Amino acid sequence: MSSSRKPLILQIAVNVPLARTFDYLAPDGPVPAIGSRVRVPFGRRHETGIVVGHASESAFAGGRLRRASRALDDEPLLGEEDLALVRFTSDYYHHPIGEVAALALPVALRHGKPLATAAETVRATPAAPEPGELTRRAPKQAALLARLLEAGDTGIAADVLTEDVPGWRRTARPLIDKRAIRIDVTRAAERADEPAFIHGPELNSDQRRAVTAVSTAAGFTAFVLDGVTGSGKTEVYLQLIEATLNAGHQVLVLVPEIGLTPQLVRRFEHRLGFRPAAMHSSLTDNERLSAWRRARSGAARLLVGTRSAVFTPMPNLGLVIVDEEHDHSFKQQEGLRYSARDLAIVRAKRRDVPVILGSATPTLELLKHCEDGSYTRLVLPQRAGGASPPRLCLVDLNRHPPTEGLAAPLETAIDEHLADGGQALLFLNRRGFAPTLICTNCAHIAGCKRCDSRMTVHAGRSELRCHHCGATRPLDTRCPECTGNMRALGEGTERLEQRLAERFPGKRIVRIDSDSMARKGAIDEALDLATRGEADILVGTQMLSKGHHFPKLTLVGIVNADQGLFGSDFRSDERLAQSIVQVAGRAGREEKPGQVMIQTAFPEHRFWQRLIHGGYSGVAADALSERRASCWPPYSRLALLRASAHKRDDAAACLEAARAAALELSLPELRVLGPVDAPLLKKAGRFRVQLLLESSDRASLHRALAHVRQSLEDRPAARRARWSIDVDPVQLF
């Protein structure tokens, strides 16, 4: 009696916005391994998918299953540990697994490019004629052949020829046909990093205590390295990185911004004796693929990257570091809304290795974990090298009305610090020339036609620009309503730079914001100028507050400090304190003491008194007390559902359906708030509505989200809107 063997079925994650995997019959030939890529027919097109499982049966009838076209890899790209992180991310953030799996790969691999790079070497063969025989009728062939004959058996690398002799491949075709030359293709070898450590400065007692705590930890422990700005957190990282590399393991370092990556890479290279692999969006696709491949093979011992680097395979991972963990750049705000910081903790826990979360202003979530005893807090209370903390003072704008953003006491202080050989930094978290263009006659305000927002004045380009959708139009000189004069109201970094140039002629002023730093390499050039002390006055946005060390900087002026004082988000106080403490920490990091001047129209406000007298820890203690009383995070869990559509009613109907689905479960721990219009109702021509789910029980929240997601995917009416789920949102408005 014969028995029929069931065909092997591949469970494949395809990069499409559907919350499921897809079953395919295995292609002809060897069965693709779990974690490898395959090409599959999907509708009328072909897609690259990742095999996440094998099965002998499918929920679909066998006759309906299509066959995968072909395997793209001989071995898995993602190991079991990497796929486990993909599955966790998909489940926790309620996001389609195919899109999560795609994010774990560099763009080149998502598009089906091969993992391994092929090294091509061009050589002359023994059958090659003398170049002189070709000179008259084919001079280009003769020149190419002469070079190859001169190189001998070694040959010449194809990329070298491409640089020296553009178009050489066309010239080479007849020579290849005549077997006069050949191109040998070999797999490029990856050389492992070889550290050559340089001894760093002597650690102080607090730094030594932190290094000892981490290096003696057994398995997974989450350490919050709470160090004041300038306390030497990077030196602690370096000591622990060296120990981890000496033990034969790899290290992953996450940073929030691209601007920090080159500086940190250079410092690591100087101390460790090799250049770390880097992963960030300023690299080309090939550069990212190279770094990803080297990390996956273990050749890259140290990987420094921004958000998406958290998914990079590292088979020998022994330590995870998240620098500036409080920074909101670690949370993706579009598509898969994940927190790289939180996934770094998950990854370290699954790998059973320590994770270090460094910041001078730890988030309240981490401080609560420390209070609960689940995380270990390591405090660096003093600046390294004996530098004193900067002195904070308030400038009352009621007594000293500002001129184009600058009050007289701050201008006087700039004069004094520059005369003393110091450097000044003016912080204003608002780019452009002015946030508002208003008619002096009828008070008409220039608004965006696609958003419910004002247009920002950019005087340098004589244009109005919407900072929400990117729309631009020429600067209005006359009011479109009454033909009255239009006036720029308020200050941005561009206007502040202009005022500083007028007030301090002859001084070198460098503006650092996303407008002035758009050119590739501009941020590095500007930061180098500042670090060498060749810039007298720096003016900029949050880009200036993150981890930079300016030896000559002695004065920080915070221009519009009240901007976040009355925010509608429950995290407003926490964010404002973090922003001010971080930028204030740039001052006085060397021999000369630092001064920080905060311009405010509300000097008696409790926030300022608490910050000046109690520091960030005082503000954090107040905020934690308020959150505990109101049962807001970190004492509860949130998820924000957003919907947008060209018609407001379609977006609202989508979230009304989501609300009904959440309430169907009758979970006592769950609160459903909304739906309501978003504070910015219209953005880029689409109306936006929000629904908030809150629960003191994480399991109840995720049970509700899973039910809501399934309900919306099954409901045709929900397709008239774009909707998303944001678990643990950092921005509610």
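1. How far apart are the mean positions of the positive and negative charges of the chain? The separation is 5 Å, for 99 positive and 86 negative charges. This value, like the others in this note, comes from a predicted model.

2. Along the principal axes, the C-alpha atoms occupy a box of roughly 90 × 70 × 70 Å.

3. Taking contacts between residues at least 6 apart in sequence, 74% of them link residues at least 24 apart.

4. On burial and surface, 52% of the 733 residues are buried. The accessible surface amounts to about 33,500 Å², and carbon and sulfur atoms account for 49% of that area.

5. One connects Pro633 to Pro634, with omega about 10°; Pro634 sits in the loop that runs between helix H17 (606-630) and strand E27 (637-645). Another connects Gly674 to Pro675, also with omega about 10°. Pro675 belongs to a strand, E28 (residues 670-683).

6. Next, backbone angles. Asp352 is not a glycine, yet its phi is positive, at about 65°. The residue is placed in the loop between helix H11 (340-351) and strand E14 (355-359). Asp352 counts as partly exposed because its relative accessibility is 47%.

7. Ser462 is likewise a non-glycine residue with a positive phi, here about 50°. Its loop lies between strand E19 (456-458) and strand E20 (463-465). With a relative accessibility of 46%, Ser462 is classed as partly exposed.

8. On the cysteines, how many disulfides does a search of the whole structure find? The search finds 0. Cys451 is in no disulfide, and its nearest cysteine sulfur, in Cys469, lies 3.7 Å away. A disulfide is a covalent bond between the sulfur atoms of two cysteines. The cut-off used for such a pair is 2.5 Å. Cys451 has a relative accessible area of 4%, so this residue is buried.

9. Last, His707. This residue is part of helix H19 (residues 698-714). Is His707 buried or partly exposed? His707 counts as partly exposed because its relative accessibility is 29%. Leaving aside residues up to four places away in sequence, His707 makes contact with Ala661, Glu664 and Leu665. The C-alpha atom of His707 is 9.0 Å from that of Ala658, a residue 49 positions away along the chain.

Key. Residues numbered from 1 in each chain as written. Predicted model: local features only at pLDDT ≥ 70, side-chain atom pairs only at ≥ 80, totals over all residues. Heavy atoms only, no water. Buried < 20%, exposed > 50% of the residue type's maximum accessible area, 1.4 Å probe, protein only. Contact = heavy atoms within 4.5 Å. Areas by Shrake-Rupley, 256 points an atom, 1.4 Å probe, with all protein chains shown as cover. Lys, Arg positive; Asp, Glu negative; His and termini not counted. Charge placed at Lys NZ, Arg CZ, Asp CG, Glu CD. Helix = DSSP H or I, 4+ residues; strand = E, 2+ residues; numbered from the N terminus.
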